[in-house]
Amino acid sequence: MSTSETVVPSRREQNKLATRQAIADAALALLRSKGIGNFTVEDIAEEAGVSRRTFFNYFPSLEAALAAVTEGFLDNALEQFRLRPNNEPILESARAALMALADPMTVAPMAELFSLTQDNRSLARSELEAWDHCTTQIIDAARHRLGPEADELYLRALAGSVVSCGKAAMSVWFEERGPDLSAESLAALRQHLINAIGLLGSGFTTTADTSPPPAPGAPPRQNRG
């Protein structure tokens with residue numbers, strides 16, 4: 001049994017989602033082609049084929065429109081989480097949700113935005129806002145599964161830990177691959193995300209943690225965790 005039944009959005013809701021996506025796509029396209037600081041809200045609206053007023057109906061700022069790129073991937077992962085069985089451990093569901101997004105290209109917009117905004121503190125903050133949005137969504141999804149009596153500290157610690165693992169995976173990927181957005185690089189990012197949640201689920205147990213103790217008289221192993 002899944003945590004929620006599939007709900008088909010109405011035509012009006014579909015149109016709103018399409019408009020929001022078009023604006024976010026336009027913002028990323030302009031960031032890619034013109035660079036940071038070289039385009040405005042008006043440029044995004046024109047690129048998306050909407051009015052300036054419509055833009056502000058969906059986003060309060062240019063930065064928020066860009067943050068929606070990351071939110072889109074995180075929302076897709078959360079939707080997969082909600083489809084997992086109620087009796088499945090939450091972190092196992094989180095890992096399975098990421099694995100369900102099998103196409104590495106699903107992470108491409110988020111990865112590109114991360115790459116393009118690393119040298120700009122203002123846009124990097126918008127990235128943090130997207131992860132904060134995800135934190136709230138994780139809390140809501142976990143509370144829905146566990147019920148209204150779920151411990152609030154548990155919910156917030158869980159969500160914060162999951163988000164921190166996601167950020168760590170993104171940072172390690174970028175240090176390893178830089179702006180490389182090839183299919184191989186994106187597959188590596190997806191695997192880092194899956195592995196990070198796996199580490200959280202195992203209590204950060206590593207191979208070193210489970211290896212036999214050193215022989216008597218041998219120098220102590222360095223702590224890797």
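**Notebook: helix packing, a loop residue and cysteines**

I list the contact (heavy atoms within 4.5 Å) as Leu-66, Val-69, Thr-70 and Phe-73 of helix 4 with Pro-109, Met-110 and Leu-113 of helix 6. Helices here are DSSP runs of H or I with at least four residues, numbered from the N terminus.

The model is predicted, and I note that local features need pLDDT of at least 70 and side-chain atom pairs 80 or more, while totals for chains, interfaces and linings use all residues. Residues are numbered from 1 along each chain as its sequence is written, and side-chain values use heavy atoms, with hydrogens and water left out.

I then turned to Phe-204, in the loop between helix 9 (183-201) and helix 10 (207-210), where the residue has a positive phi of about 60 degrees although it is not a glycine. Phe-204 is partly exposed at 44% relative accessibility, given that buried means under 20% relative accessible area, exposed over 50% and partly exposed in between, with a 1.4 Å probe and protein chains only.

Last, I searched the whole structure for disulfides (cysteine sulfur atoms within 2.5 Å) and found zero. Cys-134 is buried at 6% relative accessible area, and Cys-165 is buried at 9%.

Methods
Helix = DSSP H or I, 4+ residues; strand = E, 2+ residues; numbered from the N terminus.
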